[in-house]
Every structure is written in C-alpha cells, then in structure tokens.
Amino acid sequence: MLSILIQKELKNILLSPKFFATFLVCSILILISIFIGINEYNNSVLQYQTNQQIAQQDIEQATGWMQVRNLLHREPTPMQIFVSGLHFDVGRVSGISSFDDVKLVRSPYSDETLFAIFRFIDFAFIVQVVLSLFAILFTYDAINGERENGTLKLAFSNPVSRVQYLFSKFAGTWLGLIIPLLIPIMIGLLLVIVFGVPVSESDWIRIIGLIGLSILYVTFFIGIGLFISSVTRKSSLSFLLLLVIWISGVLILPRMGVMAAGQIVDIESVAQIEAKQEAFERERWESYSASLSEIWGEREQEMEGMTEEERRAYRDEKEWEWLEVDDAARKQVQSDIIENNRTLLEESQNRKKVQEQLAFNLARISPVSSFRLAAMNLAGTDIDMKSRYEESMRQYKDEFTKFTERKQAESGNSGGFRIEVDSNEGVKLDFGRNDQTLDTSDMPRYSAPVVQAGTSFGNSILDFGLLIVFIIATFGGSFFAFLRYDMR
Amino acid sequence: MQNETIKQAPLLEARNLTKVYEDGVKALDNLQLTVHPGEIFAMLGGNGAGKTTTINIFLDFIQPTSGNAFINGIDANSDPLEAKKNVAFVSENVQLYPNFTAMQNVDFFVRLGGKSQYKRSDYEDALVRVGLQREAFDKKLKDFSKGMRQKCGIAIAILKDAPAILLDEPTSGLDPKAGKEFTRLVGDLRDEGKAILMSTHDIFRAKEISDHVGILNAGVLVARKTNAELKGVNLEELYVEYMAGYMEEVGEPSALINNLS
C-alpha cells in the first residue's frame with residue numbers, strides 16, 4: 001500500500017510543471033554558480049600566487065633584514081566555490097613587521113565593489129533561498145489541495161491509513177525535491193574535477209556533509225509545508241501562511257537575532273575604548289607627576305639645613321638611587337598603561353564574543369541560521385576565518401621577527417644605504433651588499449591555518465542537531481494534525 | 001433456511017445513527033436503514049437533510065455522535081480499514097489527478113482499493129463498459145468533462161469489486177444521456193448483487209432504478225417506501241410536498257408524508 005502511494009506521489013510530482021520548473025531553475029542556478037565559483041577560485045589562486053611572488057621579490061630586494069616588510073596573503077580554498085561565506089568580505093592580505101599589528105585588509109569586495117552589488121550566488125544560497133521556496137511550492141497544497149480537489153475523499157474511501165498516506169506525501173515530495181538538488185550538484189562536482197580544482201580528501205568529506213546538510217534543510221521545509229497544509233482547509237491560506245513563515249525564517253528572524261544581541265550586549269566603540277585609554281593614561285601620568293613632586297619635596301626636606309656644598313655632595317651620592325626610584329615609578333606607570341589598554345581591549349573582545357554567541361543563538365530560532373552557520377563552518381568560510389588567519393599570522397610574525405633579528409645580527413649590516421652625488425657620475429646608491437639579493441632560503445614559511453574536517457563537523461554539530469529537532473517537530477505536528485484532519 | 005439468512009444479511013446498515021455537529025446542528029437523528037445485496041436504496045432529501053453525512057459516516061470521514069454504521073457487518077468507525085475493503089465510493093463530482101491519464105488514475109485507485117491482479121485489458125474492459133471512448137484512455141484527466149470523470153469513477157468502483165457501493169449524488173450535473181448511461185450501469189451493478197446506497201436529488205432516476213426510496217428531512221428518515229409501494233404514488237408530487245414542508249421548516253408535515261410515514 002505504501003509503495004503504491006509513494007509511486008503515485010512521485011509520479012504526480014514528476015509529471016507536474018512545478019517539478020519541471022524546479023529542475024530547470026535549480027540546474028541552471030547550481031551549474032552557473034559552480035562554474036563561476038570555479039573561475040573565481042582559479043583567479044584567486046592566480047592572484048594569490050602572483051602576490052606571493054611579488055612579496056618574495058620585495059623581501060629579496062630589501063636593503064637589509066630589518067627593512068623587510070613581509071606581506072602574507074590569505075590562501076583561497078576550493079570550498080569557497082560552494083559556500084563563499086565571509087570569503088569575499090574578509091581581507092586577503094596583511095603586512096608582517098615588528099612595528100605593525102597583523103590585520104587582514106583589502107577584501108575581494110573592497111577591491112572590486114561592482115561584484116559587491118551583485119554578490120556571488122553560491123550553492124548554499126541557492127539551497128537556502130531557492131530550494132526552500134520550491135519546497136513550499138511542492139507542499140503548500142499537499143493535503144488541503146487534495147481535499148479541495150476531491151481526490152482525498154476518493155483515496156480514503158479505500159483502506160488507506162492516514163499515517164501511510166502522510167508518509168507517502170513526505171516521501172514523494174522529498175524525492176521530487178532531492179532529484180533537482182542532487183543531479184545538478186553531481187554534474188557540478190564533475191565540473192570541479194574536470195577543471196582540475198585541487199579538492200582534498202578533507203574537502204570531499206565537507207562537500208558530502210554540505211549535501212547532507214542541504215537535504216536536512218529541504219526536509220525541514222517539506223515538514224513545515226506538510227504541517228501547514230494539514231492544519232488549514234484552503235490551499236490559498238496555507239500558501240499565504242507559508243510565505244509569511246518563509247519570509248520570517250529566511251529574512252527576518254536571523255537578522256532580528258543579531259539586532260537583539262546588539263541591544264542586549266552593549267559593546268563600546270573603538271573611539272570609546274580609546275577615550276578610556278587616554279583618560280587612564282592622563283590620570284596615571286598626572287598622578288605620577290604629583291608623586292614625583294612629593295618625592296622631590298621629601299628629598300628637599302632631607303637636605304634642609306645643608307650648605308650648598310653639602311647639598312651637591314648629597315645629591316651626587318643619592319643620584320643613582322633617586323634615578324632608579326624615579327625610573328621604576330615611570331616604568332610602573334607605563335606598565336600600568338599597557339596593562340590597562342590590554343585589559344580594555346580584551347574586555348571589549350570578550351564582550352564581542354559574547355555578543356556574537358548570543359546573536360547566533362538567537363538567530364538559531366530560525367533553521368535558516370542553523371543551515372547557514374553549519375554550511376560556513378563546514379566550508380571553513382565562517383566568522384572565525386578572519387581571527388584564525390590573523391592568529392596564525394601573528395604566530396608567524398613572532399617567528400619571522402626573531403628570524404630577521406638573528407639575520408640582522410649575523411650580517412652586521414644596518415640595512416641603510418649611502419647616496420653619493422658626483423658631478424661627473426651623478427647619483428650613486430650603495431646598499432652595502434654588492435647588489436646581491438637577500439638569501440631567503442632559510443626564511444620561515446607561512447602556512448595557512450588548517451581546520452580538520454572533524455573539527456568543522458564538530459563546530460556544526462549543534463546546527464545539525466537543531467535542524468533534526470526542527471524536522472522532528474514539524475513532522476510530529478504534521479502527523480498529529482493529519483490524524484485529526486477532516487477529509488470532507 | 002440458513003442460506004436465506006445469509007442472503008438477507010444487509011451489506012450496509014445504519015443502526016440508530018445520530019450525528020450532532022460541534023455547532024449544535026443535528027445532521028442525523030436516530031437513522032435506521034439497511035441495504036441488502038442486490039438492492040439500491042435511494043436517499044432523497046434537500047440540502048442539509050443528512051444524506052452526505054450518512055455517507056461520510058459510512059466512509060469514516062466523520063464519527064457518529066451515537067449509533068453505528070456497518071459495512072458487511074463490520075463497524076465502519078471502529079474498524080474502518082477492514083470495513084472499506086467492502087465498499088466502493090463514487091462522489092457527486094469525481095475528481096482524479098489531472099496530470100495522470102484515465103488509465104493511470106484507474107490503475108492507482110484500483111490498486112489502492114487492494115486489487116493488484118488486473119491487467120491493462122481489464123481496465124480497458126471496465127472503461128469500455130462505462131462508455132468511455134477508447135481514444136480517451138491515455139489522455140490526461142485535465143481535458144476530461146465531468147461526465148467522462150464520472151465514468152472513470154464508476155469504472156474504479158466496478159474494478160474494486162466491493163460488495164457495497166456508496167453513491168453521493170452521482171448524476172448531479174450530468175447531461176440526460178450521460179445520466180441515463182449511468183443509471184443503466186448502476187442497475188447492472190445491482191443485478192450483479194451489489195448493495196448500493198445512493199444519495200440523490202434526482203427523483204425520476206430514484207424511482208426508476210431504486211428498490212427502496214427514503215426521504216430524509218433534517219436528519220430524520222421521514223419516509224421509506226419500496227419500489228412496489230411507490231408504483232401508485234406520484235413521487236414528484238411527494239417530493240415537492242416534502243420540499244415545501246422542509247423549506248417552511250414549521251408546522252406539521254404534509255398529509256402525504258404522514259401517510260407514507
């Protein structure tokens with residue numbers, strides 16, 4: 001009985017114009033998206049390699065190791081083809097020098113603003129927006145539409161159980177939606193192989209995870225569609241309700257979560273933090289000046305009644321002791337200021353983390369957020385991508401700074417250059433290294449941070465779990481509603 | 001003697017069937033009716049008289065407030081899956097899947113009814129029997145007229161081969177020719193031993209083919225006559241009288257109805 005019902009559902013969907021439209025739209029979108037993604041990835045790799053070479057040449061042509069300003073570039077990942085996440089928004093390059101902090105700048109969209117207007121549509125976006133809409137289109141009249149048509153009565157004049165009927169509705173619709181999802185993505189993956197994109201074993205595991213996640217996400221929308229169709233009598237009403245739910249879930253709730261988190265956890269702006277730092281600094285220096293005046297007053301008192309000669313002798317005797325005391329006090333002030341700055345920054349960063357976490361948790365009220373966050377985590381283009389890169393670059397910076405200091409000490413070269421102006425020979429630059437390039441053979445190499453597939457799945461487990469909970473809730477609701485559904 | 005008892009056992013039986021809807025409307029009031037093998041029972045009555053409610057209870061689409069509906073001796077509301085194996089249903093406006101052909105629709109609903117042994121030739125025979133033209137067999141239902149859909153519906157009922165058949169205003173909206181064909185088919189099914197319960201507004205057809213006619217008024221079976229008893233009665237006049245009484249909803253029932261009751 002169940003197989004008869006499932007066959008009918010599947011056949012009914014496969015023969016319907018909406019299946020044709022879904023298959024066509026999904027195929028076009030997914031294939032174009034992957035094709036553009038591959039091109040974009042190849043361009044990014046080319047740009048990355050060129051930039052690396054230029055950076056290498058710049059290092060070799062520096063006048064000395066202390067003058068070297070290394071540039072590190074964020075490495076493109078094949079996963080950005082499927083889930084661009086924050087790839088286009090996070091900077092691609094950071095300078096590495098002992099004077100500046102690491103900061104990724106020049107994102108792809110800041111360099112090419114035109115593409116920021118019409119953002120890249122990736123596979124995750126297609127699933128998130130397009131397939132969820134089609135899932136609604138497939139299910140909004142699954143139950144009430146059959147009631148309106150009269151086929152529900154005819155079907156249930158036969159020995160059909162409601163549980164079997166609803167399950168067949170789910171299975172038929174599910175298969176009808178998974179086909180337009182899987183066939184284009186399989187062809188897309190074939191394109192990835194044909195175009196020689198270096199997809200690692202870990203990436204393949206992530207891609208399989210991403211497809212699984214997409215299927216879970218689509219399943220949720222089938223569940224909500226069946227639920228709404230089972231609690232309403234008219235398909236026009238269920239379509240309207242589902243549209244409202246879709247708009248809320250896809251467009252409103254995730255943003256509201258972020259906005260609410262912004263209201264709940266207040267974060268000071270950079271200007272406010274700097275003002276606080278300056279105030280503390282001023283107060284400490286003023287206090288230092290006051291204590292210094294006091295100390296000097298005490299010293300004057302110690303010398304009271306002494307002759308000028310005795311005073312000079314006393315001052316000469318105490319000079320180093322007093323200097324050490326004064327210097328210690330000054331260093332204490334400096335240390336306090338540095339410590340205060342660090343604490344303020346750390347507090348701000350901690351609050352930012354709390355705000356981020358709260359924003360994500362509030363946004364997760366919508367399964368759309370769970371899908372988005374899990375997809376970005378799986379692809380490694382998540383919100384931590386920037387900090388992950390900057391942290392690894394900072395570690396490299398320490399290593400690199402030590403290396404340059406050692407090389408500088410070994411060469412004994414100040415790294416400066418001499419300009420000679422001769423009326424006959426003109427201007428002559430002398431770099432003091434006989435026009436030889438710096439030997440970078442033993443220079444430490446930067447390695448991009450590697451996130452294991454297992455770690456990515458671990459980071460996504462909450463969102464996978466939430467999607468499963470949402471699916472169980474919607475299907476439980478659908479079965480409960482359909483068992484009480486008035487067939488007439 | 002025992003064989004006669006088995007022969008007489010009703011295939012459709014409403015026993016003290018009462019239905020009060022949530023809004024307080026009493027759709028059926030202590031309805032008693034039986035339909036035996038080889039019988040057609042026509043329920044006549046205006047809108048809201050309780051005809052469709054009776055059929056809905058037999059199909060377990062709604063639960064009775066009290067009383068029971070039996071199909072082949074099985075309680076339709078406590079064991080609906082078993083009871084529905086013994087009944088076929090044709091609605092007022094048969095709606096099938098528009099993207100399927102007539103053949104695909106028949107195949108699905110017949111298999112849903114538990115009959116999977118049929119071949120295409122069996123489906124063709126049934127469709128020919130109901131008068132559907134051969135060239136329509138493999139056409140999609142979206143292009144079918146109401147009459148053609150009704151023919152498919154009755155073909156499905158024939159192929160299900162259930163001992164009892166429920167017809168909910170099956171000739172409503174059909175042209176006279178299609179109505180006549182339909183009547184002939186229902187008569188044939190009765191002759192094959194099916195027990196048929198039919199709700200209808202069509203008093204002429206009811207009189208023409210029914211073995212029993214019952215008139216429902218506000219959920220009460222106010223009149224019940226055999227075909228033989230109706231021979232001397234102008235059923236049209238009776239029905240108009242009844243409708244007048246029903247429309248007024250006040251006063252005593254007409255003398256004619258009283259006589260019949």
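This is a predicted model: local features need pLDDT of at least 70, side-chain atom pairs count only at pLDDT 80 or more; totals for chains, interfaces and linings use all residues.
1. **Overall build of chain A.** Let's start with the secondary structure: chain A carries 15 helices and four strands. Its radius of gyration is 33 Å, well over the 23 Å that the globule rule gives for 488 residues, so chain A is more spread out than a compact globule. Taken along the principal axes, the box filled by its C-alpha atoms is roughly 120 × 65 × 35 Å.

2. **Burial and contacts.** Of its 488 residues, 32% count as buried. Among contacts with a separation of 6 or more, 84% are made by residues 24 or more positions apart.

3. **Two domains.** Chain A splits into domain 1, made of 2–267 + 368–408 + 449–483, and domain 2, which covers 270–361. Their C-alpha centres lie 52 Å apart. Where they touch, domain 1 of chain A supplies nine residues and domain 2 of chain A supplies nine residues. On the domain 1 side, helix α10 (residues 235–264) of chain A gives the most, with five residues. That side of domain 1 of chain A consists of seven nonpolar residues, two polar and no charged.

4. **Helix α2 of chain A.** This one is worth a look in your viewer. Helix α2 of chain A runs over residues 17–60, which makes 44 residues, and spans 64 Å from its first C-alpha to its last, close to the 64 Å expected at 1.5 Å a residue. Its buried residues include A:Phe19, A:Cys26, A:Ile30, A:Ile34, A:Gly37, A:Glu40 and A:Tyr41. The packing partners of the buried residues of α2(A) are α1 (2–14), α5 (123–139) and α8 (162–194) of chain A.

5. **B:Glu169.** Now for the backbone of chain B. Most residues other than glycine have a negative phi. B:Glu169 is not a glycine, yet its phi is positive, at about 45°. This residue sits in the loop between β7 (164–168) and α7 (176–191) of chain B.

6. **B:Ala218.** With 17 C-beta neighbours inside 10 Å, B:Ala218 counts as partly exposed.

How values were computed: Residues are numbered from 1 along each chain as its sequence is written. Chains are lettered from A and ligands numbered from 1 in the order in which they are written. Helices (H or I, at least four residues) and strands (E, at least two) are DSSP runs, numbered from the N terminus. A residue is buried if 20 or more other C-beta atoms lie within 10 Å of its own, exposed if 12 or fewer, and partly exposed in between; C-beta atoms are placed from the backbone. The expected span of a helix is 1.5 Å times one less than its number of residues. Two residues are in contact if their C-beta atoms, placed from the backbone, lie within 7 Å. The radius of gyration is taken over C-alpha atoms; the globule rule is 2.2 Å times the number of residues to the power 0.38. Domain bounds come from an automatic or database domain assignment. Ala, Val, Leu, Ile, Met, Phe, Trp, Tyr, Cys and Pro count as nonpolar, Asp, Glu, Lys and Arg as charged, and the others, Gly among them, as polar.
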